[in-house]
Amino acid sequence: MDLLAIIIGIIALVIGAAIGIFLGIQIRKNTAEKEIGSAEEEAKKIVAEAIKTAEAKKKEVVLEGKEEVHRFRNESEKEISDRRKEVQRQERRIQQKEETLDRKLDNIEKKEDRITKKLKEADEKLEEAETLKKSQFEMLEKISGYTADQAKAYLLSQLEDELAHEKSVKIMEYQEQLKDEADDKARNVISLAIQRLAAEQVAEATISVVPLPNDEMKGRIIGREGRNIRAIETLTGVDLIIDDTPEAITLSCFEPVRREVARIALERLISDGRIHPARIEETIEKARREVDATIKREGERAVLEAGIHNVHPELVKLLGRLRYRTSYGQNVLNHSLEVSYLAGMMASELGIDPTIAKRAGLLHDIGKSIDHEVEGTHIQIGVDLARKYKESDAVIHAIHAHHGDVEAKTIVACLVQAADALSAARPGARRENVENYIKRLQKLEEVASSFGGVDRSFAIQAGREVRVMVKPEVVNDDRMVPLAREICKKIEDELDYPGQIKVNIIRESRATDYAK
């Protein structure tokens, strides 16, 4: 019974729940239907109001469109009317122009008729003139004896001669003008360079004198049976002159570096007092090392003062050797520095890079550093050294041309030539006696003039060159080369001179006549 009651109760609960759910659904459905109905009514109201508003707007737009169309129509009609008037005005102008052109065409046709008549008359007159000209030419040919072509050729040749003469005169005038301008420019550049380099020059001696504390020291230097003096002369290659001069010994040697080594060694031996062959050899070796160090230091100083770089170390040492080399009393290293300064300043004045000019000026006499040890002129030695140590072609050419042995083909070579002449020729630079200098040049000219067929001779380039003018009727071209060789041979036999002398034989033929 209890179980049945429980089941019945459960069934009753389920049925009640189902009925409740169904009733809730119905209630919610009714509520939703009411809300949908009210929303549809609201939407209908909104649509009706929108339709009314759209119709009102449509009427306004239609009215505005009609007004715009009316205004556009009025403007178009006005524009069309204006254009029609403009077209009518253009038509009237074109018509007037056509009438004017017609009148001009008529006038042109009339003028063409008149010109045609005149051309016919001109042709007739031209034919008459040609006939008359031909008859005149025939008459002129008979009178002159020349044909027309011959007369034309004669006139052209005369005109060509006159033009050639005028051209030659103009060329000479321009050459003189350019020469004057070049001379003025050269004087200006050289004067500025000399003004900027106002260097003093002191002539240096070619022998060395060593003072002695007393005359007794002479005997100690000579040594027992002359062993000390023989050791000094053998180790240094220098001649010691010990004479009656009180308290002094003279060192004589053509090689300045060896002379400087001997001077230093002898001074140290005298101050030390210990003079014997072993001590002499030790002292001379120390002096030689000291001179080598001085040579290197002087070379580096010269390169630094000249302001050039990348010079081979061997060339630097050779430059230092020039410190002990003189030319007519002028120190060659100071001379080289001076040429470097002058060449660089003149290059700057001319607007050229002064670096190459200064380098060539410093190295131009580098051959003099070893010209006592190697055969050949200092120019050829310098060229060989510059090639050996990879100097540029411009520097090598400047060294080769600085005494005129070859023609200067670059501006740098010309500047080095000028700077070398300025440094050597200025007052006080060199110590050669003027009288001896003149005698040497006169002797050179006398030797050259002593041969048969020589008309005149001139010593130039400070005695480095002699120009011999020969008589063309006596000396022919085949005789010139042997004559030059004979003159050179006689100069070598009779004269003493530094370096080499260039002999130029000049043979010139002239024809002279006079227009009266």
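The structure is a predicted model, in which local features need pLDDT of at least 70, side-chain atom pairs count only at pLDDT 80 or more, and totals for chains, interfaces and linings use all residues. Residues are numbered from 1 along each chain as its sequence is written, and side-chain values use heavy atoms, with hydrogens and water left out.

The chain averages a pLDDT of 80, and 89% of the residues score at least 70. Here pLDDT is the predictor's confidence in each residue, from 0 to 100. Over residues 200-204, pLDDT stays under 50. For that stretch the model has 16 contacts beyond four places in sequence; a contact means heavy atoms within 4.5 Å. The secondary structure comes to 14 helices and 8 strands. These are DSSP runs numbered from the N terminus, with at least four residues for helices (H or I) and at least two for strands (E). Of the 516 residues of the chain, 29% count as buried. Buried means under 20% relative accessible area, exposed over 50%, and partly exposed in between (1.4 Å probe, protein chains only). Among contacts between residues at least 6 apart in sequence, 61% join residues at least 24 apart.

Strands count as paired if DSSP finds at least two bridges between them. Strand 1 and strand 3 are joined by 4 bridges, and Pro211 has Ala248 as its bridge partner in strand 3. Strand 2 and strand 3 (residues 248-252) are joined by 3 bridges. Leu240 is partnered by Leu251 in strand 3. In a regular strand the side chains alternate between the two faces of the sheet. In strand 1, Ser208 and Val210 form a covered face, whereas Val209 and Pro211 form an uncovered one.

Another open sheet has 3 strands in the order 6-7-8, with mixed pairing. Its edge strands are strand 6 (454-460) and strand 8 (502-507), each pairing on one side only. The twist averages 20° from one strand to the next. Strand 7 (residues 465-470) and strand 8 run parallel and are joined by 6 bridges. Glu465 stands opposite Lys502 in strand 8. Helix 14 (residues 477-494) packs on this sheet, touching strand 6, strand 7 and strand 8. The direction of helix 14 makes about 150° with that of strand 8.

The largest nonpolar core has 41 residues. Such a core is a set of buried Ala, Val, Leu, Ile, Met, Phe, Trp, Tyr and Cys residues joined through side-chain atoms within 4.5 Å. Val303, Leu315, Leu319, Leu362, Leu363, Ile366 and Leu385 touch the most other members. Helices supplying at least two residues each include helix 6, helix 7, helix 11 (393-401) and helix 12 (411-425). The largest share, 9 residues, comes from helix 8. Ile366 touches Leu315, Leu318, Leu319, Leu322, Gly382 and Leu385, not counting residues up to four places away in sequence. Apart from this core lies another, of 27 residues, among them Ile229, Val257, Ile275 and Ala287.

In helix 7 (residues 313-321), the residues Leu315, Val316, Leu318, Leu319, Gly320 and Arg321 are buried. Their cover includes helix 5 (256-272), helix 6 (277-306), helix 8, helix 9 (354-363) and helix 10 (378-388).

Two histidines contact Asp365 through side chains. His335 lies in helix 8 (residues 332-349). With 2% relative accessibility, His335 counts as buried. Its side chain makes a polar contact of 3.5 Å with that of Asp365. A polar contact is a pair of N or O atoms within 3.5 Å; within protein, one must be able to donate a hydrogen and the other to accept it, and residues adjacent in sequence count only if both atoms are side-chain atoms. His378 lies in helix 10. His378 is also buried, at a relative accessible area of 14%. The side chains of His378 and Asp365 are joined by a polar contact of 3.3 Å.

Methods: Axes are lines fitted to C-alpha atoms, for helices over the stretch in contact, and angles run from 0 to 180 degrees between N-to-C directions.
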